[in-house]
Amino acid sequence: YRFQQQTIQALNMIRSGDLGRIELARAGFHFHLNRPDDVRWNSDLGGGALWDVGCYTISFVRAIFGAKPQVKSASLSWTDRAVDRAATATLVFPNGGQAFVSCGFDGPLGGVVRHATITGDKGSLSLSFENSIEEEDRAVFQWLQAPGSPVKSVPVGCGNGFALEAD
């Protein structure tokens with residue numbers, strides 16, 4: 001996701017001040033893991049939602065704020081195999097901004113929910129921060145420049161995130 005144009009442009013807009021001071025970020029990554037023998041259900045092998053998909057949400061909000069957060073609160077939903085099925089956390093950053101992150105193997109059947117919103121004192125962005133966006137119609141983010149203004153749909157480039165990273 002860090003090499004997708006969507007992510008690069010969003011972070012550039014943040015760094016350039018287009019959103020003003022970042023006050024709040026929300027990032028979530030959930031999908032339905034229904035294979036009981038999957039390695040991600042094995043605690044001995046480092047399984048669990050937080051390590052598998054939570055790392056993306058935490059990495060993204062750290063990039064948004066450009067700093068390491070403090071954990072204000074966190075909650076995990078455990079399976080009978082001592083593996084977390086889902087996790088949520090509230091993070092506080094040195095500038096006073098907050099982030100709410102969530103992750104889990106509890107997403108919709110056959111689907112993935114991966115979305116982020118970034119709110120500053122001058123505007124906000126809404127985007128999916130996917131590893132690969134290969135359809136032009138999904139390679140966009142929504143930009144609200146100011147309260148009461150119309151939401152702009154901003155097209156960005158797309159491609160296979162793993163190939164983009166290798167380049």
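Trainee: What makes cysteine 55 count as partly exposed?
Mentor: Its relative accessibility is 37%. Buried means under 20% relative accessible area, exposed means over 50%, and partly exposed is in between, with a 1.4 Å probe and protein chains only. So at 37% cysteine 55 counts as partly exposed. Before we go on: this is a predicted model, where local features need pLDDT of at least 70, side-chain atom pairs count only at pLDDT 80 or more, and totals for chains, interfaces and linings use all residues. Residues are numbered from 1 along each chain as its sequence is written, and side-chain values use heavy atoms, with hydrogens and water left out.

Trainee: And why is cysteine 103 called buried?
Mentor: Cysteine 103 has a relative accessible area of 2%, so it is buried.

Trainee: How many disulfides does the rule give?
Mentor: The count is 0 disulfides. A disulfide here is a pair of cysteine sulfur atoms within 2.5 Å. For cysteine 55 the nearest cysteine sulfur is that of cysteine 103, and it is 8.5 Å away, so cysteine 55 is in no disulfide. Seen from the other end, cysteine 103 has the sulfur of cysteine 55 as its nearest, 8.5 Å away, and is in no disulfide either.

Trainee: Let's zoom out. How many helices and strands does the chain have?
Mentor: There are 3 helices and 8 strands. Both are DSSP runs numbered from the N terminus: helices are H or I with at least four residues, strands are E with at least two. From the N terminus on, the order is α-β-α-β-β-β-β-β-β-β-α.

Trainee: Why is the chain called as compact as a globular protein of its length?
Mentor: The radius of gyration is 17 Å, close to the 15 Å that the globule rule gives for 167 residues, so the chain is as compact as a globular protein of that length. The radius is taken over C-alpha atoms, and the rule is 2.2 Å times the number of residues to the power 0.38. Along its principal axes, the C-alpha trace spans about 50 × 35 × 30 Å. Of the 167 residues, 43% count as buried.

Trainee: What share of the contacts between residues at least 6 apart in sequence joins residues at least 24 apart?
Mentor: That share is 62%. Contact means heavy atoms within 4.5 Å.

Trainee: Which residues does leucine 127 touch, beyond those up to four places away in sequence?
Mentor: Leucine 127 touches Gln6, Ala10, Phe60, His115, Ala116, Ile118 and Phe141. Leucine 127 and glutamine 6 are 121 residues apart in sequence, yet 7.7 Å apart in space, C-alpha to C-alpha. Leucine 127 sits in strand β6 (residues 124–127), and with a relative accessible area of 1% it is buried.

Trainee: What about alanine 63, is it buried or exposed?
Mentor: Alanine 63 comes out at 8% relative accessibility, so it counts as buried. This residue lies in helix α2, where it touches Arg2, Leu11 and Arg15, leaving out residues up to four places away in sequence. Alanine 63 and arginine 2 are 61 residues apart in sequence and 9.3 Å apart in space, C-alpha to C-alpha.

Trainee: Why does tryptophan 41 count as buried?
Mentor: Its relative accessibility is 9%, so the label is buried. Tryptophan 41 lies in the loop between β1 (22–31) and α2 (49–65). Leaving aside neighbours within four places in sequence, it is in contact with Leu33, Arg35, Pro36, Thr79, Arg81, Val83, Arg85 and Phe105.

Trainee: And what makes alanine 82 exposed?
Mentor: Alanine 82 has 51% relative accessibility, so it counts as exposed. Alanine 82 is in the loop between β2 (70–78) and β3 (84–92). It also has a positive phi of about 65 degrees, although it is not a glycine.
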